[in-house]
Structures are given as C-alpha cells and as structure tokens.
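Here is a short note on charged side chains for you to read beside the model. Please keep the sequence and the 3D view open as you go.

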Amino acid sequence: MDLLSQIVARAKANKQRIVLPEAEEERTLCAADKVLADDIANLILIGNPAKVHDLAKEKGLTHIDKATLIDPENYERSEEMAEKLAEIRKSKGMTIEEARKLVKNPLYLGCMIIKTEGADGQISGALSTTGDTLRPALQIIKCAPGITCVSGGMLLITKQPQYGENGVLVVGDVAVTPMPDAAQLSQIAVCTAQTAKSVAGFTDPRVAMLSFSTKGSAKHEVVDKVVEATKLAKELDPALKIDGELQADAALVPSVGSKKAPGSDIAGKANVLVFPNLEVGNIAYKLVQRLGDAIAIGPILQGIARPVNDLSRGCSVDDIYYMVAITACQAMDAKK
C-alpha cells in the first residue's frame, strides 16, 4: 500500500470532523463528494445551501447530503459564536459588532466551530490566500502549547528507497516562516517530526538539521544558528532524535555520514530534514520534485493547536481529497 493509501486508510479507521468553508467552490464540492462516498471523514460544509445544492446537482454529486451544511448568513449559533469570538479577541479591542460580521465569514466561522469543539480541522485555500486561511486560525485556535511559530511541512516521495523511510522524507519549513531564528527553527524541527509521525506514519522520526557545514567544517553565524536550534529542539522535546548541523549528503548517505559525522545516530539515517530557512527549503523541495521526479505533498501547516491547512488556488480535486485525509490524521494526533 502506497503512502497516500495508508493516510486515507488511517483517516477512514478513525473518522474526524473536517470543515470545508469554501463549499460553493466547484473543486471543493467535488472533493467533498468523493470524501463522503469513500467514508473518509465527517464533513461540515459552509456555504449558501441553494448554491451548494445547485452545484451538486449540476455536477451529478450524489453524496453531498451526507455532510452537515451550514449557511453562514443564517446560522442558528451565530450570536453565540460572535460573543465567544469577541471574548477571545477582547484584548485586541474587538467589539461584538465586529465579531458578528466576522462569524459570517466562512473561514472565521469554521475556526470558531473548531474552537467550540464542533469540528477537528479545517481546509481552505482553493479560493482564499494563505494569509486569509492563517489569520483566523492564529487569532482563534492559536498555536499548540510551547509553539509560537507556524511552519509548512512537506512529504517527499522519491524513487530512491535507500534514503529516508523507504524513499519517503518529511521536510520543513517550505511555506511559512522566511527567516526563522534559532528558537523558531527548533520549533519547526519538533513540529516536522510530529508531522512525520502523524501524517507519514513514521514510528521513528530521525531529524537532521541541515546546513552547508557538518559538525564545524565551516564557520558562520548561520551555522551557529542551526547548532543553537538543535540544542533548543532537544530541550523542547527531550525524546526527539535529532542532530545537526549536517550537510544534506551527510544526513542521507550512510558512507558520507559516518565519515563526516562519526558517532552520530542521525547522520546517514535521517528521514526528516529541517532547512535553515524558507528560501532554502522552498528551492530544495521544488528541485527534488522536478529534477528527481519526486511526488511532493503539501505544504502541511504545522504548529496550530488544531489542524488548519492551506491549499494552492491551483489545487485539483485530488489535492483537496488527500488533504482532508492528511488533516484528519493530524487531528487524531492533536487529541492525544
């Protein structure tokens, strides 16, 4: 069974409640129908009921009635949600009038449903920007305990089974934080290892903190940052298997790892790679994807107390379908 099939199977085995706040969008609704047909998750769709039903009829979608459909303009819990949102944001000066307007925004309403334990995760981005997806999540759901930095993980499925976990690597950050400091980088390491467990199913994440230096082979302040981040990650999660700074070949290739970092438990065995900044991460995964013909799945948002994931506005129906399963796996882990 390939990795995506494994993710779907785990989601089906423990169904979670996932919000799709862009239910009037064609690809989203088609993906929702497929999710419901395959019984992967319990879906909460937010949108105008007439528009959703008309689109479902037009596209021949026969499973949409299995979802809970919420009209943001006529939701019976709107006032309750507005009062709770105003309470959450009172330190920022939010008034009840402002909160009433915001809970009619599907992205905000979805996050409030999660906050009040009515759902386990949310996915948007087919219509919305990353900023629009993240803003309500950070304002309402907030970061996980001990985490202040949101990041983006990526699953890389390569054709090189000798590397990572039978050719699968989990990498981060590839999407969110441009220039993390040492503390933020340590959090990215911990969160990316968590994604490796909850989504990729790794039982033994082995984290390499990447740099252009291996164990002092080069001197520079950016190398120092990686060394400090490695130390802080160990303090944040003492059980984490992590080492750095390591060059990419030292992290992945046993013969190189044993030569450049003798005695390391991670060198040559890493299955989780943490990039020193977003520029490196984004460039690296796209090169591996295009030149190495790898499958890249993500980004998967990390560090939020309950999973809220962002889609590309160019996403396909299958992208949304699999992101529902991924979000469900994250939600299971978040409840532990």
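Predicted model: local features only at pLDDT ≥ 70, side-chain atom pairs only at ≥ 80, totals over all residues.

1. Start with the total. The structure holds 17 salt bridges. The general idea is simple: side chains of opposite charge can pair when their charged atoms come close.

2. Look at Glu-25 and Arg-27. Their side chains meet in a salt bridge, with N to O at 2.7 Å. Is Glu-25 buried or exposed? Glu-25 has a relative accessibility of 8%. The cut-off for buried is under 20%, so Glu-25 counts as buried.

3. Next, find Asp-120 and Lys-335. A salt bridge joins their side chains, 3.2 Å from N to O. This pair links distant parts of the chain, 215 residues apart. Asp-120 sits in the loop between helix H6 (106-115) and strand S4 (121-124). Lys-335 lies in the segment after helix H13 (317-334). The two ends also have their own surroundings. Asp-120 is buried, at 3% relative accessibility. Lys-335 is partly exposed, with a relative accessible area of 46%.

4. Now turn to helix H7 (residues 130-141). Arg-135 forms a salt bridge with Asp-132, and their closest N and O atoms are 3.0 Å apart. Why are these two residues separated by about one helical turn? Because Arg-135 and Asp-132 are three residues apart in helix H7. Arg-135 is partly exposed, at 41% relative accessibility. Asp-132 is partly exposed too, at 32%.

5. Finally, look for a network. Salt bridges link Glu-165, Asp-204, Arg-206 and Lys-241.

Technical notes:
Residues numbered from 1 in each chain as written. Heavy atoms only, no water. Salt bridge = Lys/Arg side-chain N within 4 Å of Asp/Glu carboxyl O. Buried < 20%, exposed > 50% of the residue type's maximum accessible area, 1.4 Å probe, protein only. Helix = DSSP H or I, 4+ residues; strand = E, 2+ residues; numbered from the N terminus.
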